[in-house]
Structures are given as structure tokens and as C-alpha cells.
Amino acid sequence: MTSTAILDIPFRRSAALALSSAIKQYISAKYDQHPDMFAADLATIDTLRTEAILVQEPHVSGITKLARYAAHLAWISGKFPIDIGADFTWFREAPVTQNNLQFERANVLYNLAALYSRLATQSPRGDAQGLKTACNYYCAAAGMLKYLKEEVIPELRSTPPDDMDVATMECLEKLMLAQAQECFWLKAVVDQNRDSIVSKLAASVSDHYDAAAEFGAKSSTITSEWLHHMRAKHHHFAAAAQFRSSLDCLERSKYGEEVARLKDALVCVNEAIKSEGRYVNKNVLADLIALKEKVMETLKGAEKDNDMIYLATVPPTSALKKLGRANMVQPRVPKEVSDANNYLTDTGPFGPPLFAKLVPFAVHLAASIYAERRDRLVNNTIIDELEVLTSKLHDLLQSLNLPGSLQALEKPLGLPPGIVAHAEEVKQHGGVDALLASIADIDKLKASNVGTYQDAVSQLRAEAAEDERLRQKYGTDRWARAPSAQAAGKLSAQVDEYGKILESADRSDQLVRSKLTDCESILRLLGGRLSSLEAFVPNSSRAQLTAKMDKEVGRLRQRLNEVTRLEARRKRKIEALRQKAKADDINPQILAEAARLERTQTLTKLEPASFEPLFAARLSAHYSADQAALSDEAAEQSELAAQLQSANAAFLAVRKGDETLAEREAAIQRLETAHLRFGELMSNLDVGRKFYNDLAKLVGRFAEEAKHFVGVRRGEAGRMEDEIANAAMRNLHLASSSSPSGGPHTGHLPPQQLQALQTQNQSQNQNQNQNQNQNRPMNTPQTQTRAAQPPPQSVPKPAQKPAPGLWHGDATTAIKFAPPRS
């Protein structure tokens, strides 16, 4: 079997890159461990990559080099993010660059599939062992392509290269299986197996080639030469299957069916020669012509015998029973790929796993997720509920005009001690000026977040506009890629999500400003001089307390003291909760769980979701009691509120006072309310500052993802435009070649345009000559295609004896083997 009778997968090439530099920089920036601890691993990863990308020739040593590097890439993917900061460049024709570890791994495994196909191609076909070896290599190549398609490419999180799309991968997988099945068929021919067996094997070969051609037609990468080759092979083996079945019919005395199957075999081989004969390699064409001659000769004798001797009815083709199949091949993923972790041991063939002592990236991510979930539980579920209860208590006090009414009665002259304490507290915190400074800081944080968000949205919208413009320019047939909104996926949802978050935050900011505006004057008074406060709070005449009034005043004071104690205890509880959450370090438990998972689930990639049971158990153990205590807090406050209302009602029933007492009471209550508002504003501003700081990280990550997405899309758009332009140039060149003078028709062009067109054609021809050897297509016979010349009127027969190839005629003719490739 020569290389012209079969197809193998071309290698992809890569540019040199120091992967260790990106890893070292990432460890320095993101991990607590020093990169020098991993100096040996850093040197090893560069050596592995260099060895892997230099595998460009078929030699069995390349299997270990490619599989070993791919195994270590899969391992370190659990310790580093996919976009580690290394720009990997791979190309077969046009270079593709991505900052993506999975992209690197996909290309390495693609080259492993190519290596298996090349090894199969060069395996000798002269004996059973050589055929078995070739078949195993083809099945391994098909398995690698299937593994790439199902396990690796879905993890890219980016657009795969053109020759790694689903249609191309399916086509190559079916092609490898077809050529593997062909090895079984050839072995059966050499061993002179029964015709029925050879027929079934040939039918399965035909099926695989047919499936490969169908997927190839949907691919933008599979060349027309390959499509012609696969279709010719499909018809060839369909004819061979019917021919062998006809011999089986002759043996079983089914003379009419013999003739019918020979006729169908002739139809198949004629279809191959008519549709594909002009575009395939001369050896493949010679095989087709030899088979046709053999079928015609056999058919002539069969018809003569049937007409003169047997007189059997020849059934129509539609009445023939479908040929049986004997599929002997399946995609086989090599163990060094499917069980790569088992090869990464101290004594294993791939050596110990690199960066084993580095805490996996999933662990860091899991710790961040737990911290976020813990803070949300503590702050939103527990602390917020406690603060809501406190707010309701303050509203109740304000509605009852407490403690102002009681303080005015108890101390009719001067400032009550509580008001003096409130004034001192406001001064210590900076008063209104401190609130305004906090608002200014928050405005800066918000402006930064909004600016980052708007820049990212502008980039996405600009890219979407560019994509739509190019789609309108070239049409959907040529601009065949997903629209930006669909391709962006999660980013499109995040645009709306973060937009709504920022709008909601802005409304909250406006509410805080409005609250400050309403009480700014009284707060400035409370945080100012005591003399101003004394002037603001009028004195009243001392009331004469009866025994009953004194009793109710004491009762109300007791209830207010209980409220004060409840608030103080609640503040301590909230602070204790915050300190408890701050001290909650789950890292040791995550590391222990990660080690357990790596030992027990070697084939499962470590993900943050792997730690969900640990998160649930720890949150329940640490904070379920605090959550349960909320109902007790609410019940206690409800009971105290009822007692407070009852005591205040009794107090109001016995209280006596004049107009000055009412004025003093109103002034004191305004100051009490202002103190509560100051505390609320301080809390609101602290929450706002933390919110915008946390949001900055999320928006920054969103902006980075948007920038990366836009960069990838624009790079893809540039390559698509280049391909469209190159296709237009090729069409122009083909039109030029088809004209009698060797150039396009220029009879009606003005002299200036004619000269410019001639100059352009000369430049294109020079460029094509220079790039002819560089852009080598997938190994295929160097023959013309339908695009290069008009359809054939008739099929010429070769003027000379065909070169030795895979097969001439059928099993009834002598089998000739070409010498193996050097």
C-alpha cells in the first residue's frame, strides 16, 4: 500500500514558548508558595513541551513524548486556571493563538492522532502482523479524535480551530475507521476467506468511507481532493462487496441473484469512475478500472450461462436483500491518554506529577467560594435579620416618642445625660463631615466600577457591530459563525446582570443621600457645641410627681433599660458573629479533602463543586445554632415591645405637664432620632463601601473576560476575512487559468485597468509559487479537482500500466504490495 492510496492526518506545528515563565509569574502573583520551590518542575515542563512540538515524523518514540506532555497538561489544569497567561500558537496553515491550557492540550492530542495515522500508513502490508499493526494504529487515531471531540474540545471555553470543528473531527474519525476496516478486508483477501465474509467486510469499509465523506462535505477544512478520494473508495468497496456476494450466489446456485448483484456492482463502479475518476490518484483510478473490467467479464459469462442453461429470473436491484456487514473496528482511546493519571507516578513511564506540592487552583477557588457563601450566610441571613429587628424596635420607640417624653419629665432643666453621650459619640466619629467624606469615597469607587463596566460593554457592543457589518457585507453563507450575542453566552447575561446591580446600587445611594439631607441640620447641631444644644432644648417647669405617676415612670424606665440592654447585647452578638466568620479558616479541611479526592478519584478532574458536601457540613456545624437563635430573638423582642407599649400607655395616662414640657420633649426626641439616623447612615456607608470594593473584583473579572472574548472574536474575524479574500483570489486565478490566453477576459477593459489587472495577476502568481510548498494540504494525491477543470465527457483509460497500489481488481486477481515507505 503506497501513501497515494491512503490518507493520513497532517501534523500541526507550534511556535516556541517558555511555558515555565507564565507558570512562575502566576505562582508569584496568586499563591503563597515561592516559585523557586518548583525550579525543577518549571524546567521539566519546558523540556516536555519542546520534545512534544518537535514530533513531526512518524516514529514510535513520539507517542510517549506527546502522551507524556498531554498527561502533565491535564494534571496541571487542576492547579492553574485555563488562561494562565501563556499565548500558545499552533498552525497547519494560518496560525491560531490562544491563552488557553486546554487549547495547548487539544493540539498535542491532535498531533498524537496524526502520529498514529502516520505510523499506520508506514506499517508494512506484506504480512498479517503488519496489517494488524496498521489496523491498531488507525483505531488508536480514531479513538484520539473521538476523545478530543467529546472530552477536550468542550472544555476549551473558546472557539476551536477550523480543523477541530465537529464535522472535521467526525470526518477524520470515520476515515481512520474506514482504513482500519480496509486492513481487515485485505487480510481476508490474502487469507482467501469465503466470499460471503469478504463481502461483509467490504460493505463495512464502504459504509465508513461514506460516513467520512458525508461529514467531510460539512467541513470547511476537508479538501475537495479528500472528498473525491473518500467517495471513490465508498463506491469502490460497494462494488467489491456486491461482486464478492455474486460469487457467493454462484456457489449457492442462485444464478439470477448472481447476475443482479453483478449488475449492481457495475453500476457502483461506473458511478465511481464517472463522478470521481478524474479527480483521484492514478492508483485508485487504476483499481476502479481493473474492478470494472473484472465485473464486466464475469457478468458477461454469468448472463450467458443463465440465458442458455439455468434460465433463472433476474430480480431487480430493489428486490435484492441488503448485504450483511462485518464491522471489525471501533475507536480505541490509548490507555496513556484515558488513564493518564496512572502513568504519573514516581516510578511510572511519565514520571511524577509536576507541581504536586502546589496547592491546586480548584482549592483556592473553593476557599473563595466558601468564604463568599459564609459571608452571605452570616451577613445577609443572620446579621441583616438582627438589624431588621433592631430597626423595628427603633421605629416603635420613635412612634411612642421615647425616650424623649420620659427624659423631659425626669430632667426638666439642662441636657439629659443620654443626649450629652450621643453628642460626644457623633463628634468622635467625625459628624456630618465624616459622612460626606465617606459618600465621596463611595462615589469614587462607584465611578471606577461604572467606568470599567461601561468600557467592557462598549467593547462588546463594538465587536457585535463589527460582526454584524461583516455579516451583511459577506452574507451568512460566507460569514458562517455565531452572532456575537450568541457566542458571548455568559457575558451577554452578565451585561444585564451587572447593569441591574449598578442601577439598584445607585438607587440605594440616592436613598442614603436623601436620608442624610433630611437630618443633616439636626446632625450638625448634635455634633456641634454643647451651648448650641442647650439653646436648642428648652427647659420646662418641674412637674409634681404623685406616687402613682412615680410608679409608672419607674416601670417605663425599667422597660427602656431592658431595650438598651437588648440592643447592647445584640451589638455584641453581631460583632462576635463577624469575628467568628473572620476566623473561620476552611483551608486545612479543603486541602485534606483535595488529597482524599485525588487519591480515590484519579480520573475525575478536581473542581470547586467537589467540595460542596464539605461546605454544607461546615456551614451547618458553625452557624445553624445562630440561625436557630433568630426566632428566639424575635420572640423576645416581641414580648418586650408589648411590655413597653403597655408601660408607655400607663405612663401617658397619669402624666401631667404644661406646654414647655411638650416642647422640651419634642426637642429631645428629635435629637434621639438624629442619633439613631447617624448610626444607620454610618452602617449604610460601611456596607456601601464594602459592596463597591467587592463589586470591583467581579466587574474587573467581567472586563477581562470581555476583553479576551473580543480579542478572540476579532482575531477569528481577521482570519475569516483573509480566507474569504484568498478564496476570491483563487477564483480569480482559476478564471484566469480557464481563459484561452491564460488570463481573464480583458477585451472590454480600459488600458489603465487592463495594466493594473495584469500587474495584480503577476503578483498573485508569484505569491502562490512562494507559498506552494509551505501550505501543503492534507496528504493526498496531487490531482486536479472539479474546481480546476470542466467535468469529464468520458473516462479515459490509462495509457500505461497502473503503478502498484492497494488493490487491482478483486480477490480473484493477484495481490501486489508496494514496498513500504522509507
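The structure is a predicted model, in which local features need pLDDT of at least 70 and side-chain atom pairs count only at pLDDT 80 or more, while totals for chains, interfaces and linings use all residues. Residues are numbered from 1 along each chain as its sequence is written, and side-chain values use heavy atoms, with hydrogens and water left out.

Side chains of opposite charge can pair when their charged atoms come close. A salt bridge was assigned where a side-chain nitrogen of Lys or Arg lies within 4 Å of a carboxyl oxygen of Asp or Glu. Among the residues involved, Glu-463, Asp-467, Glu-468, Arg-471, Arg-481, Arg-713 and Glu-716 are linked in a network.

Because Glu-463 lies in helix 16 (residues 431-478) and Arg-481 in the loop between helix 16 and helix 17 (484-488), the pair ties together parts that are 18 residues apart in sequence. Helices are DSSP runs (H or I, at least four residues), numbered from the N terminus. Both Glu-463 and Arg-481 are buried, where buried means under 20% relative accessible area, exposed over 50%, and partly exposed in between (1.4 Å probe, protein chains only).

Asp-467 and Arg-713 likewise meet through their side chains in a salt bridge (3.5 Å, N to O). This pair links distant parts of the chain, since Asp-467 is in helix 16 and Arg-713 in helix 23 (residues 659-738), 246 residues apart. Asp-467 counts as buried at 2% relative accessibility, and Arg-713 counts as buried at 3%.

A further salt bridge joins the side chains of Arg-559 and Glu-562 (3.2 Å, N to O). These residues are separated by about one helical turn, because they are three residues apart in helix 20 (residues 547-582). Arg-559 is buried, with a relative accessible area of 16%, whereas Glu-562 counts as partly exposed at 21%.

Met-308, Ile-309 and Tyr-310 make a nonpolar surface patch of about 340 Å². Patches consist of residues with over 30% relative accessible area and no salt bridge, like charges being joined within 9 Å and nonpolar side chains (Val, Leu, Ile, Met, Phe, Trp, Tyr) within 5 Å; accessible areas come from the Shrake-Rupley method with a 1.4 Å probe, and for residues only the protein chains shown count as cover. Tyr-310 is placed in helix 10 (residues 282-310) and counts as partly exposed at 35% relative accessibility.

Note on methods:
Helix = DSSP H or I, 4+ residues; strand = E, 2+ residues; numbered from the N terminus.
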